Amino acid sequence: MANDRSTKKPAKSSISSSNNPSKKRKKENSASDKVKKTNAVEEPKGCHQCKKVKDHVVECTKCHSKRYCVACITKWYPHVSEEEFVKACPVCCNYCNCKACLRRFSPKQGGYSCSEPDKIKHSKQILHKVLPFVTKLNQHQLMEKEIEAKLKGVTISDLQLQDADCEVDDDIFCDNCGAYSFDFYRSCACGYDLCLSCCRELRDGQLKRMTIGWKARIDGSIPCPPKEIGGCNDGTLDLKRILSVNWIVNLLEKAQRVYKFNNSYDSPQTCMESSASFLYSLSAKDIQPQHMQHFQSHWSKGEPIIVNDVLSTSSGLSWEPMVLWRAFRDITKSGSHSHAYEVKAINCLDWSEVTIDLSKFTKGYSEAQVHKQGSPLILKLEDWKPSCLSQGEWPRHFVELINRLPFKDYTNPHNGYLNVATKLPDLSSKPDMGPKMDIAYGDSVTKLHYEKSDTVNVLTHTKSIVITSTKLNKAKKVKEKHGDAMEGIALWDVFHRQDVAKLEEYLRNHTAEFRHTDCLSVEQVFHPIHDRTFYLNVEHKRKLKEEFGIEPWIFKQKLGDAVFIPAGCPYQVRNLKSCTKVELNFISPESLGECIRLQTELRMLPNNHRAKEQELNIGKMMIYALDHVVSELSGFIDSNGPADDLQNQFAQELEILNGGNGMDINNHTNGWVCDSESDDSALSPSVNHTVNHQSATIEDSGTSETFQGHAVGQPGKEILQAVMDRYPETFQGVKIGSKPYWLSILEELHVFIKGFLEASVDALTEDEITSLKADLNEFESLGFDLSWARKRLDMVKKLKFGNDPLRQELRVLEESLTLLHKELVDANARLEKARLDYDRATYARNKKVDEVARKFGAEYEDVLNGKLGFGMLPGH
């Protein structure tokens with residue numbers, strides 16, 4: 001990555017030029033050896049970057065097709081030496097930032113899939129978190145339904161609600177508070193809609209937009225409001241529904257049944273503790289599966305988390321704002337480059353909004369800009385989204401960033417399994433969860449605010465601005481007004497959720513003390529945090545601790561750091577250099593309560609408030625999330641019985657690996673294909689499992705069998721089809737075409753899978769496992785998802801070569817089974833003794849009964865009928 005190479009000095013140009021004597025040097029020590037240059041007249045060669053034909057270009061010796069001129073190398077790749085261009089050009093290294101390369105990538109995302117065991121585990125977590133909230137939502141709906149039934153004079157079971165005037169997957173929002181309705185809402189024939197929360201508040205006389213003359217009737221019905229607030233002042237608001245009849249009620253019944261079998265979910269626990277001063281942080285390069293538990297432990301407590309160096313494994317694509325401008329700018333269809341791509345930026349001196357061309361803004365990012373009055377210009381693009389995102393296109397920068405984000409079960413915006421926002425149906429309108437960007441000049445601030453949900457913020461680029469001595473005094477004065485003088489790139493203050501009430505009280509008490517950087521006072525406060533008005537400097541944080549005993553987490557974000565901020569944690573940021581950051585929102589099960597609280601607060605703000613743009617249909621998300629996990633867990637119960645956790649899943653995989661239950665890994669069918677193979681010799685185990693891709697062929701059984709349109713033979717078809725049936729995701733990321741090379745790829749895949757399934761677990765060495773994984777990498781680079789095979793290799797490695805907790809747990813289980821077997825034998829002996837004692841007691845009792853019957857005769861029969869006096873009186 002270009003930014004990571006900032007400490008490396010660019011090499012001198014290897015191009016000799018009579019127009020630039022300073023660049024002349026000995027030919028044998030320069031990269032000019034690689035430049036084809038003779039005294040003869042040559043055909044000029046064009047530059048891949050600028051597309052201009054130039055005499056002197058550097059040619060890549062890896063691809064032998066791409067060339068770059070010295071001007072483009074210097075301008076667009078300042079931290080990459082010329083020698084590096086010769087060895088492998090930016091196209092070969094996948095970080096070329098020419099316009100064509102920036103725009104050629106598919107919007108589809110890859111690099112993430114959730115394993116089946118993790119799906120079960122995550123489904124339990126979502127069920128545990130979501131079920132109480134959906135139950136409460138349903139209770140509110142039933143209360144409104146009871147009111148409607150009384151108004152109609154029918155029972156609840158006989159009440160027929162009107163259908164919503166929309167499709168099932170459309171969103172309906174309240175005309176009074178702006179909140180979304182997930183199912184029930186009230187509506188007038190004129191089109192005025194009111195959410196259930198506003199209905200309750202209107203009946204209680206607490207509606208935020210209470211208008212004279214608008215109130216609920218004594219019977220609970222609600223008239224349409226006056227015209228001045230959007231109603232018709234004539235009709236009545238009837239109860240309508242969006243979802244099908246009793247869909248939520250039936251869903252909750254299913255969820256309760258599933259919950260009985262899956263109520264053993266425990267929040268992740270870890271011995272790692274944090275405090276008000278220290279946060280959990282780790283490097284992206286060091287993340288292992290066990291770190292997920294640590295992440296969840298801290299995340300469930302509402303603690304921020306820092307992951308360093310998330311861009312360290314990226315291709316090196318430049319995040320320079322000028323490169324971003326070239327990637328995102330709009331060009332008219334006529335091809336004219338005079339079309340200005342204007343953006344609205346914030347002037348951080350007076351917090352006014354200015355309109356500026358994106359190219360001028362990016363230039364000011366790298367160069368010191370000043371006003372006519374001499375003061376430094378500090379601009380910021382806040383929560384900015386390139387227009388291509390709204391059109392469903394994902395630029396290459398964002399695709400690469402998302403693929404590098406850690407903890408993808410949460411952060412993947414398309415199918416992250418623990419991202420509740422992804423559970424909405426495909427046809428449903430989707431919330432705007434980003435990505436969005438903050439591009440800010442040095443010494444700018446992001447004022448105290450909330451995000452609408454959980455957030456991950458990555459610092460992708462930074463730039464130091466050189467200010468002349470004339471400008472320095474002005475800049476120094478501005479910096480003194482900001483307060484903090486700590487060194488670093490971006491200084492963060494993140495407040496605890498539990499301190500929000502005290503923080504709000506402090507801000508309300510001290511509103512008059514806050515000023516913008518040009519000394520303008522804060523005029524009006526609707527909400528001290530949602531308004532995004534305040535920035536607490538060192539003095540304010542000192543007073544806050546002194547008066548209320550609270551203080552934020554304070555830390556510095558470095559280049560490449562990903563900062564995870566839980567929903568409900570207010571935060572502020574100060575940039576000490578020009579910074580480019582990318583934010584992505586997600587909704588974790590752990591933060592649902594805070595997301596609901598934030599949406600409740602947003603309802604109470606004026607409808608034109610900036611924060612209203614962050615409103616989410618959180619109820620709809622939770623309902624569909626519950627429906628998703630109920631289906632997932634119901635299928636698991638149906639196929640495996642009421643398992644308490646994933647132990648059965650692991651036991652089955654372990655049994656496969658150890659050859660149990662008739663599913664021997666030495667048998668290449670492995671439970672996928674019937675036993676009637678035409679080539680029995682192919683079933684013999686093979687120790688040499690390595691696939692030779694040069695000579696891989698499929699055994700022809702004499703029949704023409706096709707798979708994905710290619711003649712692969714009977715054995716090949718059976719194995720490939722079996723893989724597709726058992727693991728359909730294997731082929732979902734690959735678009736197999738009709739080109740001849742696809743046949744050879746399928747042949748190689750068949751041979752690899754056949755060899756993989758025939759490999760003996762006992763005979764596998766660590767080197768062979770490594771070799772198999774290398775083969776997996778090759779196929780996965782083509783788009784095949786072979787995570788199922790990788791999982792099995794990992795299990796074998798852990799079981800055979802790793803003294804890991806999993807193996808230790810297995811040993812403990814074996815010891816427990818031995819002890820349990822002994823206890824079972826003892827219990828069986830006690831049971832047999834108890835049965836013998838029972839038989840003896842029964843025999844003695846029967847003998848005694850016979851004696852009593854002979855002694856008392858008919859009287860004995862009366863007593864057996866149930867009452868002491870039975871038979872003594874007539875009719876009894």
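In which sense do strand E18 and strand E23 pair, and over how many bridges? Strand E18 (residues 454-463) and strand E23 (residues 578-586) pair in the antiparallel sense over 9 bridges; two strands count as paired if DSSP finds at least two bridges between them. Val458 has Val582 in E23 as its bridge partner. The model is predicted, so local features need pLDDT of at least 70 and side-chain atom pairs count only at pLDDT 80 or more, whereas totals for chains, interfaces and linings use all residues. Residues are numbered from 1 along each chain as its sequence is written, and side-chain values use heavy atoms, with hydrogens and water left out.

The chain contains 25 helices and 25 strands. These elements are DSSP runs numbered from the N terminus, with at least four residues (H or I) for a helix and at least two (E) for a strand. Of the 876 residues in the chain, 47% are buried; buried means under 20% relative accessible area, exposed over 50%, and partly exposed in between (1.4 Å probe, protein chains only). Contact is defined as heavy atoms within 4.5 Å. Among contacts between residues at least 6 apart in sequence, 73% join residues at least 24 apart.

E18 and E23 belong to an open sheet of 9 strands, in the order E11-E12-E21-E18-E23-E16-E15-E13-E14, with mixed pairing. Strand E11 (280-283) and strand E14 (352-357) stand at the edges and have a single partner strand each, so one side of each is left without a neighbour in the sheet. On average, neighbouring strands of this sheet are turned by 25° against each other, direction ignored. Angles run from 0 to 180 degrees between N-to-C directions, and axes are lines fitted to C-alpha atoms, for helices over the stretch in contact. Helix H9 (residues 321-328) lies across strand E15 (379-384), strand E16 (436-440), E18 and E23, and runs at about 140° to E16.

Asp383 lies in strand E15. Its phi is near 55°, a positive value in a residue other than glycine, and Asp383 is partly exposed, with a relative accessible area of 23%. The peptide bond from Gly434 to Pro435 is cis, with omega near 5°, and Pro435 lies in the loop between helix H13 (408-411) and E16. A positive phi of about 55° also occurs at His64, which is not a glycine; His64 is in the loop between strand E3 (57-59) and strand E4 (67-69).

Helix H22 (residues 766-781) and helix H23 (residues 787-801) pack at an angle of about 165°, with their axes 10 Å apart. By class, the contact has 7 nonpolar, 2 polar and 6 charged residues; Ala, Val, Leu, Ile, Met, Phe, Trp, Tyr, Cys and Pro count as nonpolar, Asp, Glu, Lys and Arg as charged, and the others, Gly among them, as polar.

Glu594 is found in helix H17 (residues 592-603). Glu594 counts as buried because its relative accessibility is 17%. Leaving aside neighbours within four places in sequence, Glu594 is in contact with Arg497, Ala567 and Gly568.
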